[in-house]
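Please examine the sequence and the model shown below before reading on. The explanation then treats selected features in turn.

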Amino acid sequence: QERLVESGGGLVQSGGSLRLACTASGNIDRIGPMAWYRQAPGKERELVARIFTTGLANYADSVKGRFTISRDDVKNTLYLDMLRMKPEDTAVYYCNADVVARTSSNARNLWGQGTQVTVSS
């Protein structure tokens, strides 16, 4: 069964940096667009950044110039480099991807379990 597993969350001071990773496992043929979302307490889940197979990426206005999304299709891994972090970046961060298994011709949209990121002021 294909799945996504995030890692790299934690506690960081305002102005600090963190790197999140999300690795897809299972009998994978290919992965389409991948993205990071986040959900702060009492708020809706929001898109942080998305990257396509071409490498083209787009970002939420709130993170432009501070966060960088990247992917390694050999390792089936998605990254999010977060710099100059702010307390308002505090949230649970989720990985999302369209994954095609070798046993299927259809893409499945998968979510990771989430990783907590806390930025102290």
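The following paragraphs describe a cysteine pair and then an aspartate. The model is predicted, so local features need pLDDT of at least 70 and side-chain atom pairs count only at pLDDT 80 or more, while totals for chains, interfaces and linings use all residues. Residues are numbered from 1 along each chain as its sequence is written, and side-chain values use heavy atoms, with hydrogens and water left out.

A search of the whole structure finds one disulfide, a term denoting a pair of cysteine sulfur atoms within 2.5 Å. The bond connects C22 with C95, and the S to S distance is 2.1 Å. The link of C22 and C95 is left-handed, with -75° about the S-S bond. It joins distant parts of the chain: C22 lies in strand β3 (residues 18–25) and C95 in strand β9 (residues 91–101), 73 residues apart. Strands here are DSSP runs (E, at least two residues), numbered from the N terminus.

Accessibility may be considered next. C22 counts as buried because its relative accessibility is 0%, and C95 likewise counts as buried at 0%. Buried means under 20% relative accessible area, computed with a 1.4 Å probe on protein chains only.

D89 occupies the loop between β8 (77–82) and β9. With a relative accessible area of 0%, D89 is buried. Its side chain makes a polar contact with the side chain of R66 at 2.8 Å; such a contact is a pair of N or O atoms within 3.5 Å, where within protein one must be able to donate a hydrogen and the other to accept it, and residues adjacent in sequence count only if both atoms are side-chain atoms. Apart from neighbours within four places in sequence, D89 is in contact (heavy atoms within 4.5 Å) with R38, R66, F67, V117 and V119.

Conventions
Helix = DSSP H or I, 4+ residues; strand = E, 2+ residues; numbered from the N terminus. Buried < 20%, exposed > 50% of the residue type's maximum accessible area, 1.4 Å probe, protein only.
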